[in-house]
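Welcome! Please take a look at the chain below, and then we will walk through some of its parts together.

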Amino acid sequence: MGAEESKETRSVDSSFMLVEERPIPEILFDPINSRAVCAGVGRHLNMRRKPNDIPTCDHDTGLIYEVLTDKLCIPGDNVRVLNSSRDSQYPATVCNVEDSLKVAVDKIGPGGILLFYFSGHGIRYGSESKAALVAADFVDNQRQLITARNLADALVGLKERSSQLVLIFDCCFAAGIASELGSILGSLGFKVCAIAACSAVENSVCFERLGAGFFTYFLHDFMSRTKPFSCLPVKSLSEYCIPLCNAMATLVLKEDGINHGQLVDASMHPTVITTQLQLDVTDDQYLVSPVSDEPDGPGSGPAQTSKAFQLLAYQSPEDFMVDKAWSEQVSLWLNTKAAPSLRVLKEGDFLKKRNLIETVLCLMTRSVAMLTAAKQPKLALKPNIFILSYFRMVELLLDLEPEAMKGSDDYMALTILYYIKGVVEYLNKPLSQLGKLVDLFSALSSDQTEMQIQEKTGQDEADGGTTTLSVLHDLEHTIPKVPVGFDDLP
């Protein structure tokens, strides 16, 4: 839902007309009498295999705790944080989440609100394709889910206290879960405001290097620019996050689940759902001057650029041939998809933040790798294609923000990790068959300027090149994870 649509009134669930998208209010409350429960499930404690771990979720709860205590003025003792750390006092299990909500309901005072935040996997289940939150005690074939009905049962005492409920879900299918819970509670006369990271059919996306889910990152950034005040500015917050989340998701390409082999954007549209809310609309001027995160340090790239071109000098002549069709398709994606997204981030003053620059470069690099591999697999294995792609992405960034690339001299080495990851992911090739790309990574990651890789250990099966065993080992164990969608679990 675009920000311009937020003023419309339309039913989200036709079977419960109480649940609607309405003019979004700012919610006033008494912070001393308010309570909050924050649950982050970055991993599932009882699973033998960990294919669906989300490295950012436990950290997300820390960001929200900071918002609640520093900006919304809720006392720290009034906030319970549950996560999936093995030494956590409160693991985010089904039982602990429900019990924590019941305790919070019992302690809310006059004028207080109850805020429940969740970051982790959202999942569809059952023949009706309902959505639920996945708890930390999830076990294969014994799904421990936090359903809308579970939450409604835990929150039933809230009605007697005439308190408002605020839900913030950063997970896949977030609006679906929020809508179902809002339908149940709304039909009982509850006052609910749900802020969902994405629609009922979308995936929420996070990125390890950013250290947070996209939605939680921008929510925290917005609130960090506000003056401390016992008010949740839902309208301003949603209008701020919607274009930024959509811009970041546009940089992530994924395979279409319906049309196999077709690459599509990982679309992500934060949504707000309200039911029976007290409309305490306040002054909309919350933002103070944006805090610039100016990077420090030397300019980026001269040494790495030199290394990259020296390495190219060792390649065979055919490696320098650039396919016109590839050049056109990459340029088209950069101009029609990446550029508009970067402009949105530029308007929010994010292209001076080092972690955002790293994230943007990594996302674009992986998407270009997948785009190339999907159309011309052999071309994707050539180092010069990565280097030319990198330069085009940097040109695009510098055109929007001349200071963007200052502060780090390892951007190229970082992004080739994600290029390799994208190629491996799409072509399903082992790293041993990406010899020249691995050589480039080794060269860019080394302090040496010579291009000869020491301790060569044998012929590469794909192209006769050589690779270093230690480099392959490091890549296999340290390639950062791709952007993670909180997808359905197997």
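Let's start with Ser367, which touches Leu251, Val252, Leu253 and Trp333, not counting residues up to four places away in sequence; touching, or contact, means heavy atoms within 4.5 Å. Ser367 lies in helix H9 (residues 354-375), and at 0% relative accessibility it counts as buried. Buried means under 20% relative accessible area, exposed means over 50%, and partly exposed is in between (1.4 Å probe, protein chains only). Helices (H or I, at least four residues) and strands (E, at least two) are DSSP runs, numbered from the N terminus.

This is a predicted model, in which local features need pLDDT of at least 70 and side-chain atom pairs count only at pLDDT 80 or more, while totals for chains, interfaces and linings use all residues. Residues are numbered from 1 along each chain as its sequence is written, and side-chain values use heavy atoms, with hydrogens and water left out.

**The whole chain**

- The protein chain has 14 helices and 18 strands.
- Of its 490 residues, 57% count as buried.
- Take the contacts between residues at least 6 apart in sequence: 77% of them join residues at least 24 apart.

**Nonpolar cores**

- A nonpolar core is a set of buried Ala, Val, Leu, Ile, Met, Phe, Trp, Tyr and Cys residues joined through side-chain atoms within 4.5 Å.
- The largest such core has 145 residues, and those with the most contacts inside it are Phe116, Phe169, Leu342, Leu345 and Met364.
- Which residues does Leu342 contact, leaving aside its neighbours within four places in sequence? They are Leu251, Leu351, Val360, Met364, Leu396, Leu397 and Leu400.
- There is also a second, separate core of 5 residues, which includes Ile123, Ala132, Phe138 and Leu145.

**Leu68 and its surroundings**

- Leu68 has its place in helix H1 (residues 57-71), and with 1% relative accessibility it counts as buried.
- Its contacts, apart from neighbours within four places in sequence, are Ala36, Cys38, Cys73, Ile74, Val79 and Leu115.
- Leu68 and His220 are 152 residues apart along the chain, and their C-alpha atoms are separated by 10.0 Å.

- Strands of a sheet pair through backbone hydrogen bonds, either parallel or antiparallel. Here, two strands count as paired if DSSP finds at least two bridges between them.
- Ala196 has Thr271 in S17 as its bridge partner.
- S11 is mostly covered, with 5 of its 6 residues buried.
- In strand S17 (residues 271-275), 5 of 5 residues are buried.
- In a regular strand the side chains alternate between the two faces of the sheet. Both faces of S17 are covered: Thr271, Ile273 and Thr275 are buried on one side, and Val272 and Thr274 on the other.

**A three-stranded sheet**

- An open sheet of 3 strands has the order S7-S8-S9, with antiparallel pairing.
- Strand S7 (122-125) and strand S9 (145-146) stand at the edges with a single partner strand each, so one side of each has no neighbour in the sheet.
- Strand S8 (residues 130-134) is joined to S9 by 2 bridges, and the partner of Leu133 in S9 is Ile146.

**Helices H11 and H13**

- How do helix H11 (residues 383-400) and helix H13 (residues 435-445) cross? Their axes come within 8 Å and cross at roughly 50°, which makes H11 oblique to H13.
- Axes are lines fitted to C-alpha atoms, for helices over the stretch in contact, and angles run from 0 to 180 degrees between N-to-C directions. Angles under 35 degrees count as roughly parallel, over 145 as roughly antiparallel, 65 to 115 as roughly perpendicular and the rest as oblique.
- Pro383, Phe386 and Ile387 in H11 meet Lys436, Leu437 and Leu440 in H13.

**Two residues with positive phi**

- Most residues other than glycine have a negative phi.
- Phe173 has a positive phi of about 60° although it is not a glycine. Its place is in the loop between S10 and helix H4 (174-187), and it is buried, with a relative accessible area of 2%.
- Asn428 has a phi near 55°, also a positive value in a residue other than glycine. Asn428 is found in the loop between helix H12 (411-427) and H13, and is exposed, with a relative accessible area of 67%.
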